[in-house]
Amino acid sequence: MNKLNEVEQKIAESLLQIKAIKLQPKNSFTWVSGWKSPIYCDNRITLSHPSIRTYIRQKLSERIQDEFGAIDMVCGVATAGIPQGVLVAQDLGLPFCYVRSSAKAHGRQNLIEGEVISGQRVVVIEDLVSTGKSSLHAVQALRDAGCSVVGLVSIFTYGFDIAAERFQEAKCQLHSLCDYEALIKVALENGYIFEEDMLTLEQWRKDPENWAPED
């Protein structure tokens with residue numbers, strides 16, 4: 001693979017170090033979707049580590065400015081994208097809102113929380129992109145409210161083909177600070193996994209929905 005840039009390297013090392021990402025090729029996890037997986041990601045753990053939290057906030061903010069220029073609002077995706085989004089919005093001095101997974105069943109029955117004005121240029125923040133379904137649910141909610149969603153930025157992505165296809169169909173740019181390929185390279189270099197694990201990890205990445213661990 002290509003040489004990693006400084007941000008990919010640092011993010012991968014940090015997520016592995018604090019166990020926000022765990023790799024267990026021989027003892028797989030089960031996701032809420034029912035998929036079996038040799039990897040589990042919980043980037044909320046970064047919030048408990050100030051130096052890593054600060055680095056991620058800075059790099060998300062820089063990526064937004066580099067890719068999209070001036071924007072009007074930052075939006076987080078419930079729930080893990082909310083704290084990251086707040087940090088970035090504060091860093092950039094911008095308004096913040098977030099999108100629920102579903103509308104409230106009481107009160108004003110909001111799907112979007114916060115003041116949203118039609119015509120605003122918005123960037124969506126996610127901690128993690130897997131299949132892209134929940135991320136694009138948020139994008140569509142904002143578009144339905146009249147916003148111009150210029151793109152989505154995440155800390156990490158698995159890089160699934162289905163996600164790339166969905167973002168392309170939705171005409172929404174996707175940028176991530178680190179991806180699966182970079183993570184695996186750093187994990188191998190630092191002894192979190194071994195060469196014998198690489199085939200398993202590559203097979204899962206190619207067909208995660210149908211992958212099954214070896215007995």
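Contact here means heavy atoms within 4.5 Å. The model is a predicted one, in which local features need pLDDT of at least 70 and side-chain atom pairs count only at pLDDT 80 or more, while totals for chains, interfaces and linings use all residues. Residues are numbered from 1 along each chain as its sequence is written, and side-chain values use heavy atoms, with hydrogens and water left out.

Helices (H or I, at least four residues) and strands (E, at least two) are DSSP runs numbered from the N terminus, and two strands pair if DSSP finds at least two bridges between them. An open sheet of mixed pairing is formed by six strands in the order S7-S6-S5-S8-S9-S10. Strand S7 (112-113) and strand S10 (174-179) each have a single partner strand and stand at the edges, so one side of each is left without a neighbour in the sheet. Strand S5 (residues 73-77) pairs with strand S8 (residues 121-129) in the parallel sense over four bridges, and valine 74 stands opposite valine 123 in S8.

Two helices pack on this sheet, as tabulated below; axes are lines fitted to C-alpha atoms, for helices over the stretch in contact, and angles run from 0 to 180 degrees between N-to-C directions.

| Helix | Strands touched | Angle between directions |
|---|---|---|
| H4 (residues 133-144) | S5, S6 (96-99), S7, S8 and S9 (148-157) | about 165 degrees with S8 |
| H6 (residues 180-189) | S9 and S10 | about 10 degrees with S10 |

The UniProt annotation "binding site", from an unreviewed entry, covers residues including Arg100, Lys104, His106 and Glu126; such annotations may be inferred rather than shown by experiment. Arginine 100 lies in the loop between S6 and S7 and, at 25% relative accessibility, counts as partly exposed, where buried means under 20% relative accessible area, exposed over 50%, and partly exposed in between (1.4 Å probe, protein chains only). Leaving aside neighbours within four places in sequence, arginine 100 is in contact with Ala78, Asn110, Leu111, Glu113 and His137.

A nonpolar core is a set of buried Ala, Val, Leu, Ile, Met, Phe, Trp, Tyr and Cys residues joined through side-chain atoms within 4.5 Å. The largest such core has 46 residues, of which Ile11, Leu23, Phe156 and Tyr158 touch the most other members. Apart from it lies another core, of 20 residues, among them Val77, Cys97, Leu136 and Cys172.

Histidine 49, in the loop between strand S4 (39-41) and helix H2 (50-68), is partly exposed, with a relative accessible area of 29%. Histidine 49 and cysteine 97 are 48 residues apart in sequence and 24 Å apart in space, C-alpha to C-alpha.
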